[in-house]
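Let's walk through a few ring contacts and a helix packing in this one. Have the model open and follow along.

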Amino acid sequence: MRLTVWTYEGPPHVGAMRIATAMEGVHYVLHAPQGDTYADLLFTMIERRAKRPPVTYTTFQARDLGSDTAALFKTAVEDAYARFQPTAMIVGASCTGELIQDDPGGLARALNLPIPVIPLDLPSYQRKENWGASETFYQLVRTLAGSSAPSGSKPPRRPEGLPARCNILGPSALGFRHRDDVEEITRLLGRLGIVVNVVAPLGATAADLARLSEADFNVVLYPEIAATTAKWLERTFGQPATKTIPIGVGATRDFISEVAALAGVDPAPLLAGDETRLPWYSRSVDSTYLTGKRVFIFGDATHAIAAARIAAQELGFEVVGLGTYAREFAREVREAAKLYDIEALITDDYLEVEARVAELRPELVLGTQMERHIAKRLGIGCAVISAPVHVQDFPARYSPQMGFEGANVIFDSWVHPLMMGLEEHLLAMFRDDPEFHDGATPSHLGTTTELEQVPAPATVQTEKAAVLWSSEAEKEVGKIPFFVRGKARRNTERFAADTGVALITVETLYDAKAHFGR
């Protein structure tokens, strides 16, 4: 552990808080000093939840260390049960409380509460937040669903005629657009005729976790949180789990095909009517401005890998950097980086990330709130794609990242920073143009004396022969919007004269565009 100004992940007990806060009727008793209660603000201020997370702190102080801190913890557990009446309780220690070695699990079991009590052993100095969330979810599921595990025989198959049922695993509190992702994916599954059995941990109760075995398969949306649990469910109940994360148009279509195969239904009608505008834009003339833009991507593994695929395959960007702070998924990110002939950056040090961005000088950064600050300092456009995020990335409106609607949201979020750069480029390009300067009358109102008084820009004097246009180049320049066509023609002719080109071809036109677009 080291001191830092920013951090991508908190200690593992913050991950446990995310699971407890996401669920209903689950309470977390945390053996922690008074200063460790800061985590409440993550949920009430940043995620803008209407109520505090369901966490009781022992809040021991320095003077308590000379007395019985174990008794303090037991009192906190009893008070929390009496006050909140949870249906399940998790107990553990913060990084500071861990040093006291009071054994919260053993102390809580000794109280013989009439509810399941799940002890958490989260090594605060070796692991971090996402691992803590994953381990907490796993321990809850293993305790609450384990009692329904079959003994020796395989689970019964679904009777003919009944729709397939699935669980959606992974969405949690403080997750990046998790609430809206669940809504979008639930809608997609419903259109395939698949019934959602349980969504967990977000919105689930202890009783819901006990029903996980009733599903035919599991949809894993966020492997950082749900992969371990999904593997246990597959070993215990024979439930297969999805591998595809439906972020982006291509991945969403692959996801639909995958879940349709698991459910035994036909995906063709849904695939034929996908509802996203991203492919349309990618085929349009306007999108040529985005082709080849250099992009640097950093975040959790799930969103970083998905973002790289979208950038390269759906928007025509060049991925020049890819990385993650999630060391548990370093192998997956390294494998993804090989697809783009780059070396993955695996680090939880934002200064290393900043140095890599400064070295690569991309035109767009896709990352967390830390990368947003980094990009702002370096004067580079940025879009946030992954936690950790700030309050503005928990919008009140519907704004998923997954599914076809998620692809629309991603398209808007990524393209806008680049198009603002184009807007600034056009302003600079036309600042001295006689038709588009600030004092010019709109052309549809006709020529005015004021317009005639505007001095024309200096023309390029050349003794070279006048250049000619090929018919193909004339057709191509005719595709340019009328309000910039004249400027494009003059720039192309000037470029041709300067470079000694006698006949302007389509290739000359695009060479001139590249020359004046620098």
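Tyr8 has 5% relative accessibility, so Tyr8 counts as buried (under 20% relative accessible area; exposed is over 50%, partly exposed in between, with a 1.4 Å probe and protein chains only). Bear in mind that this is a predicted model, where local features need pLDDT of at least 70, side-chain atom pairs count only at pLDDT 80 or more, and totals for chains, interfaces and linings use all residues. Residues are numbered from 1 along each chain as its sequence is written, and side-chain values use heavy atoms, with hydrogens and water left out.

What does the whole structure hold in aromatic pairs? A search turns up four, counting rings of Phe, Tyr and Trp (its six-membered ring) with centres within 6.5 Å; planes under 30 degrees apart are stacked, over 60 edge-to-face and the rest tilted. One of them is Tyr8 with Tyr325, stacked at 5.0 Å centre to centre and 15° between the planes. That pair links distant parts of the chain, 317 residues apart: Tyr8 sits in the segment before α1 (12-22), Tyr325 in the loop between β9 (318-324) and α13 (330-338). Helices (H or I, at least four residues) and strands (E, at least two) are DSSP runs, numbered from the N terminus.

Tyr325, at 4% relative accessibility, is buried too. The rings of Phe298 and Tyr325 have centres 6.4 Å apart and planes at 45°, so this pair is tilted. Phe298 belongs to strand β8 (residues 294-299), 27 residues from Tyr325. Together, ring pairs join Tyr8, Phe298 and Tyr325 into a cluster.
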